[in-house]
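Reader: I am new to this structure and would like to go through it step by step. Could you take my questions in turn?

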Number of protein chains: 2
Amino acid sequence: MDLIQDLTWRYATKSYSDKKISEEKLNFINTAINLSASSCGLQPYRVFVIDNAELKAKLGETSFNQQIAQSSHLLVFAAYNTVTTHHIKNLVELTAEKQGVTVDALDGLFSSMDSYFSNRTDEQNKHWAEKQTYIALGTALIAAANQKVDATPMEGFDPELFDELLGLKDKNLHSVVILSLGYRDQDKDYLANAPKVRIATEEMVTMIG
Amino acid sequence: MDLIQDLTWRYATKSYSDKKISEEKLNFINTAINLSASSCGLQPYRVFVIDNAELKAKLGETSFNQQIAQSSHLLVFAAYNTVTTHHIKNLVELTAEKQGVTVDALDGLFSSMDSYFSNRTDEQNKHWAEKQTYIALGTALIAAANQKVDATPMEGFDPELFDELLGLKDKNLHSVVILSLGYRDQDKDYLANAPKVRIATEEMVTMIG
């Protein structure tokens, strides 16, 4: 893979063909998402992969219908509403298991994380969880491009509708950003052949030597 | 490149050797960052790449000194404080130039974006800009791993110190997240050989067929 080539190839697809993504490519993208970095390794989000025409139609009723209903699969990235002691305990137990140490040996880690998150407001932790979710979105975009799967990241959807239809509230989650996956309809998509619009790298990056 | 292999290879490096990153690899990472997706294509952030021992030492005084001062380069990701009509005008002009159309032809795009952002509070736009920044961070992490460059993403730094020393306020920016780049010190880094800790992909991803 050439990362720069893949990043140049991808674009926010506006029109999809009816070709479906293979299970193999979908698994690749899901695996990449789960390997994404997150602060403290807490992975404070979950992803819902929707391959159900009726549900996609309902979710697309209020916005982005074309990209949502036509897509092969719709990914909903949902962040934690709150960060609780339970979440941190789970991570410490998983760390102990993976690294072959006792939970007691990680007591310092548990205490520092637990006090860090519990000393912030739920609103602060919610924003934090949302930001982490965007790292996973960035990974998903690259993973899709790597597999030559087209994608459309979208924010301006109706989060309440999504939360309700996916039962997210009961899971202590809220929808943050969504991503359609599929294959572009080259003829119908006005953006398919449009040049990429980016500022110059020298404008983005300031070198301080 | 095998993306899954690269994502598995990377980890939050705790100790760096004194080996510097080549200009070529740094350019690769910067180019990837600038190609990152952002909502509406607004790229509401800028990156400062610090290769100055004295400045790194100052920035590391209050936190993460080891990862900041020892790194080859420190990247500071800074988001817009506000989203203004000026930003949107710039994007529309750039789009017109890249796509070979007139600015007038993009008047509808300009109006809808301008009204969208101006109808939200500065606080909402600030959070939005911060989230976009994390897509770029995710891209940078993958670009670094692609080049076998080690990296440490960090949040718990002193943003006021960073904003002051980099003069970000005058640029309508604030530091959001930082990223050290360099090469791991395999012997001194207790995490270098630790297994990666992630929940099962089946726990991260719910398939809705």
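This is a predicted model: local features need pLDDT of at least 70, side-chain atom pairs count only at pLDDT 80 or more; totals for chains, interfaces and linings use all residues.

Reader: Which are the edge strands of the open sheet of 5 strands?

Author: The order of the sheet is 3(A)-4(A)-2(A)-1(A)-5(B), with mixed pairing, and the twist from one strand to the next averages 20 degrees. An edge strand here pairs on one side only, and that holds for strand 3 (150-154) of chain A and strand 5 (205-208) of chain B.

Reader: Opposite which residue in strand 1 of chain B does Met207(A) stand?

Author: Strand 5 (residues 205-208) of chain A runs parallel to strand 1 of chain B, and 4 bridges join the two. Within this pairing between the chains, the residue opposite Met207(A) is Val49(B).

Reader: Which element gives the largest share of the side of chain B that touches chain A?

Author: The contact takes 54 residues from chain A and 55 residues from chain B. Among the elements that give two or more residues to the side of chain B are helix 2 (23-35), helix 5 (85-99) and helix 7 (122-146). By class, that side has 30 nonpolar, 18 polar and 7 charged residues. The largest share, 12 residues, comes from helix 7 of chain B.

Methods. Residues are numbered from 1 along each chain as its sequence is written. Chains are lettered from A and ligands numbered from 1 in the order in which they are written. Two strands pair if DSSP finds at least two bridges between them. Axes are lines fitted to C-alpha atoms, for helices over the stretch in contact, and angles run from 0 to 180 degrees between N-to-C directions. Two residues are in contact if their C-beta atoms, placed from the backbone, lie within 7 Å. Ala, Val, Leu, Ile, Met, Phe, Trp, Tyr, Cys and Pro count as nonpolar, Asp, Glu, Lys and Arg as charged, and the others, Gly among them, as polar.
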